[in-house]
Amino acid sequence: MELASARLLRGQIPWRGLLLTASLLTYWSPLTTAQVTVDAVPPNVVEENSVLLLAHNMPQEFQVFYWYKGTTPNLDSEIARYIRSDNVHQTGPAYSGRETIYSNGSLFFQNVTKKDEGAYTLTVIDQQFNPIQTSVQFRVYP
């Protein structure tokens, strides 16, 4: 006698129904993805040294990402962008010549000055054109 044709006792769940339920829950549940974050390494830097704004949990697939000075992205505060499809880095109006943008989402500053201190914003545009935004800040000491 097959397992599927066996009579169910009270309180038992049919195994096919259980498998179907598990399959549907797996299919309907959106994948949880880690949130994009950025760390300043180091968070406190001495003038004329370097700091790396290290991006974590970048989406596997994205269209473009932008780095801005400050917490409110606008054209004037854009430092640089990376366009994935063309593997191209482009600089913006806030670029000083001391920043290096990396394809992993990170931004490196050389020879920091007191003017560099403050907040920076990373905006990622994913494959579905959804913006993902996070900010970080670092301090500069003499």
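**Exercise 1. The setting of Ser106**

Determine whether Ser106 is buried or exposed in this predicted model, and state which residues surround it.

*Solution.* Step 1: the relative accessible area of Ser106 is 1%. Residues count as buried under 20%, so Ser106 is buried.
Step 1: Ser106 is placed in the loop that runs between strand E7 (99–101) and strand E8.
Step 2: leaving aside residues up to four places away in sequence, Ser106 touches Leu52, Leu53, Leu54 and Ala55, together with Trp67, Thr100 and Ile101.

**Exercise 2. The pair of Phe65 and Tyr82**

Classify the arrangement of the rings of Phe65 and Tyr82, and identify the elements that the pair ties together.

*Solution.* Step 1: the structure holds 7 aromatic pairs. In the pair of Phe65 and Tyr82, the ring centres are 5.5 Å apart and the planes lie at 35°. Planes under 30 degrees apart would count as stacked and those over 60 as edge-to-face, so this pair of Phe65 and Tyr82 is tilted.
Step 1: Phe65 belongs to strand E4 (residues 62–69) and Tyr82 to strand E5; the pair therefore ties together parts 17 residues apart in sequence.
Step 2: Phe65 has a relative accessible area of 0% and is buried. Tyr82, at 5%, is buried as well.

**Exercise 3. The pair of Phe109 and Tyr120**

Classify the aromatic pair formed by Phe109 and Tyr120, and locate each residue in the chain.

*Solution.* Step 1: the distance is 5.1 Å centre to centre, with 65° between the planes, and the pair is edge-to-face.
Step 1: Phe109 lies in strand E8 (residues 107–109) and Tyr120 in strand E9 (residues 118–126). The two residues are 11 residues apart, and their pair links distant parts of the chain.
Step 2: both Phe109 and Tyr120 are buried.

**Exercise 4. An aromatic cluster and charges over rings**

State which residues form one aromatic cluster with Phe62, and which charged residues lie over rings.

*Solution.* Step 1: Phe62 forms one aromatic cluster with Phe65 and Tyr82.
Step 1: over the ring of Phe62 sits the charged end of Arg84, 5.0 Å from the ring centre.
Step 2: over the face of Tyr141 lies Lys114, at 6.0 Å from the ring centre.

**Exercise 5. The chain as a whole**

Summarise the secondary structure, burial and confidence of the protein chain.

*Solution.* Step 1: the protein chain comprises 1 helix and 10 strands; in sequence order, the pattern is α-β-β-β-β-β-β-β-β-β-β.
Step 1: the protein chain has 142 residues, of which 30% count as buried. The chain exposes about 9600 Å², with 54% supplied by carbon and sulfur atoms.
Step 2: among contacts with a separation of 6 or more, 49% are between residues 24 or more positions apart.
Step 3: pLDDT averages 85 over the protein chain, and 77% of the residues score at least 70. Over residues 18–32, pLDDT stays under 50, and the model has 1 contact beyond four places in sequence for them.

Key:
Residues are numbered from 1 along each chain as its sequence is written. This is a predicted model: local features need pLDDT of at least 70, side-chain atom pairs count only at pLDDT 80 or more; totals for chains, interfaces and linings use all residues. Side-chain values use heavy atoms; hydrogens and water are left out. pLDDT is the predictor's confidence in each residue, from 0 to 100. Contact means heavy atoms within 4.5 Å. Rings of Phe, Tyr and Trp (its six-membered ring) pair if their centres lie within 6.5 Å; planes under 30 degrees apart count as stacked, over 60 as edge-to-face and the rest as tilted. Helices (H or I, at least four residues) and strands (E, at least two) are DSSP runs, numbered from the N terminus. Buried means under 20% relative accessible area, exposed over 50%, partly exposed in between (1.4 Å probe, protein chains only). A charge sits over a ring if NZ of Lys or CZ of Arg is within 6 Å of the ring centre and within 35 degrees of the ring normal. Accessible areas come from the Shrake-Rupley method with a 1.4 Å probe; for residues, only the protein chains shown count as cover.
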